[in-house]
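Reader: I have a structure to read and would like to go through it by question and answer. Please keep to plain terms.

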Amino acid sequence: MAAKTKWLSSQDLHLFNEGNYLRAYEKLGAHTVTQKGVDGTHFAVWAPGAQSVSVIGDFNLWNPTEHPLKRDGASGIWIGFIPGVGHGANYKYHIVSDGGHYAAEKADPYGFTGEIGPKTASIVWQLDYDWHDADYLTARKAKQTNDAPISIYEVHLGSWMRMPEEGNRFLSYREIAPKLAEYASSLGFTHVELMPLTEHPFAGSWGYQTTGYFAASSRYGTPQDLMYLVDTLHQAGVGVILDWVPSHFAVDAHALSFFDGTHLYEHADPRQGFHPDWGSYVFNYSRHEVRSFLLSSAMFWLDKYHIDGLRVDAVASMLYLDYSRKAGQWVPNKYGGKENIDAINFLRRFNEAVYEHYPDVQTYAEESTSWAMVSRPTYVGGLGFGYKWDMGWMHDTLRYVSVDPLFRKYSHNDLTFRMLYANAENFTLPLSHDEVVHGKGPLWDKIAGTAWMKFAGLRQLFAWQWGQSGKKLLFMGGEFAMRREWNHDVSLDWHLLQYPEHSGVLKAVKDLNVLYRTEPAMHELDNQPGGFEWVDCGDANSSVVSFLRKMKPIRLPSPEPLDPTEVVEEQYAEGDQILGVFNFTPVAREGYRIGVPFPGYWRELFNSDAECYGGTNCGNGGGVQAEYVPYHNRPYSVVITLPPLGGIYLKGSP
């Protein structure tokens with residue numbers, strides 16, 4: 001008999017079963033409530049294939065017969081209220097199906113926290129927290145628009161900083177909060193991107209093998225401790241982007257896999273439901289309740305943790321049915337194609353829901369193929385993301401800097417190719433954790449040449465990245481030239497900052513962030529036509545390129561019309577422009593002429609070879625005067641000195 005309860009309304013059930021319940025976490029899972037004057041916890045779990053479901057825990061000595069749940073009609077949801085069970089109680093669901101042949105003890109898919117591994121029980125938890133970030137949230141939208149500077153520091157919490165004197169333990173959410181907030185803000189980063197903090201049993205997965213889509217990892221503390229971390233970052237003026245993984249999930253027996261004795265969350269066909277690269281399960285995006293589950297997870301982190309953006313992992317693996325599969329190992333869609341129509345529809349619905357409810361946040365797609373319109377609105381056929389990672393730029397650039405400078409002229413296209421597609425998407429330029437693991441070595445070691453060339457080349461690489469059209473992302477450790485590959489089990493090598501070469505790279509990154517944030521020409525027209533313009537991209541023999549970054553045109557005051565009926569057209573003037581010039585050889589070049597649009601003094605704002613960064617101080621003495629000598633199809637030109645393996649930025653005004 002169907003349970004008679006008002007806990008889940010008919011509207012709740014309808015939305016859940018049709019795949020549009022955006023906040024299912026408010027009713028499913030464990031919630032402390034008072035019913036008829038009695039305190040306890042209400043439990044609700046989706047298990048349509050179950051024959052029986054009961055709640056087991058500390059409170060009943062894990063006895064599966066003491067607290068059975070009742071099926072709520074045809075919804076597939078089992079519900080029940082257990083008096084006396086409150087905040088902090090450990091619990092699981094005991095599920096029996098297949099005529100009694102299948103029995104499992106499962107953690108709550110909607111659980112808010114769980115035991116510290118290797119234990120796997122969920123914990124009844126209240127999410128109350130006294131936030132102090134109202135000022136940041138009020139101003140958040142202006143900080144995240146496409147014309148705003150967005151500079152992201154990617155962090156793995158477990159290895160950013162450890163305590164070697166205390167057995168190499170990692171810091172808790174609360175311990176890391178003031179340190180990370182001060183560090184990121186002092187370097188001028190606008191955002192911190194946290195690698196997945198959803199619960200994951202295996203630390204070596206870095207959070208990408210998720211078991212708890214509503215649970216903050218208990219290895220670093222409680223949900224309120226994570227809220228404190230976000231709150232502290234916000235109060236320091238730093239936004240928080242969370243890495244979110246709807247593309248696949250962990251196979252651990254206590255979690256989502258084979259949840260009710262059926263392939264509930266995953267496809268039953270391994271050609272669709274099992275990921276060969278990661279040994280994980282793929283969500284069944286065609287199942288309505290699975291979509292409600294994932295959409296609710298996304299909204300949960302925005303609702304309860306004040307997250308400012310979601311970076312969606314491995315989007316390419318969701319879009320293609322044949323992703324990393326050989327012929328015969330995948331199932332075509334109904335049209336015979338390789339596109340995953342259900343996943344496409346889910347991603348569009350996800351982005352529509354996020355921007356409808358939170359127009360002041362952003363979504364980021366890690367999408368590594370040439371799929372069109374990833375960051376274009378769904379109403380024009382796009383996937384609806386705010387930004388797409390430019391993996392092509394990353395691969396081309398790292399391939400180029402790894403070439404001996406003597407031969408870089410033959411790879412010149414790796415530098416220039418990007419501008420053929422740079423405005424096709426709203427791009428973020430990533431130098432992420434994926435580039436410094438699995439034998440790839442640190443960024444420092446990717447630069448060709450001697451130690452001096454590596455340090456100079458790394459400063460130049462960052463100057464190049466910060467000058468390109470698009471938002472910026474840098475993985476921790478790169479900002480001070482880590483010289484070993486990232487290892488999630490140990491701390492970053494903070495001791496390197498005692499050496500001037502390493503502290504110089506850090507100072508260069510800080511000054512690049514200042515330049516990026518304070519000069520409108522460096523960010524206002526990111527990913528838009530007119531924001532980036534080559535001056536000379538053809539000097540392959542010298543391995544030198546030059547470009548202009550431009551700000552939005554400045555609106556001029558309109559004159560008062562003599563006739564009240566006269567329509568006065570708005571007038572605009574050009575604003576400041578930033579000239580970037582890069583010499584990718586270890587030889588200084590004096591007397592190098594570059595065409596510029598304006599006369600007057602061009603002030604040198606940044607030189608990656610400055611002595612304060614550990615360079616040779618080869619530069620232009622603070623700036624140069626433009627001459628009335630046409631060059632590069634421009635009416636004026638400057639003659640400058642190009643530092644070896646250096647990049648410089650000069651500012652001119654009309």
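Author: Phe427 is buried, at a relative accessible area of 4%, where buried means under 20%, exposed over 50% and partly exposed in between (1.4 Å probe, protein chains only). The model is predicted: local features need pLDDT of at least 70, side-chain atom pairs count only at pLDDT 80 or more, and totals for chains, interfaces and linings use all residues. Residues are numbered from 1 along each chain as its sequence is written, and side-chain values use heavy atoms, with hydrogens and water left out.

Reader: Is Tyr421 buried, exposed or partly exposed?

Author: Tyr421 forms an aromatic pair with Phe427, edge-to-face, with 5.6 Å centre to centre and 80 degrees between the planes. Rings of Phe, Tyr and Trp (its six-membered ring) pair if their centres lie within 6.5 Å; planes under 30 degrees apart count as stacked, over 60 as edge-to-face and the rest as tilted. Because its relative accessibility is 21%, Tyr421 counts as partly exposed.

Reader: How many aromatic pairs does the structure hold?

Author: One of the pairs is Phe300 with Tyr305, edge-to-face at 5.7 Å centre to centre and 65 degrees between the planes. Both of these residues, Phe300 and Tyr305, are buried. The number of aromatic pairs in the structure is 61.

Reader: Which ring does the charged end of Arg174 sit over?

Author: A charge sits over a ring if NZ of Lys or CZ of Arg is within 6 Å of the ring centre and within 35 degrees of the ring normal. Arg311 lies over the face of Trp389 in this way, at 4.3 Å from the ring centre. For Arg174, at 4.5 Å from the centre, the ring is that of Tyr228.

Reader: What is the order of the strands in the open sheet of four strands?

Author: Two strands pair if DSSP finds at least two bridges between them. The edge strands, each pairing on one side only, are β1 (29-35) and β4 (70-71). The pairing is antiparallel, and the order is β1-β2-β5-β4.

Methods:
Helices (H or I, at least four residues) and strands (E, at least two) are DSSP runs, numbered from the N terminus.
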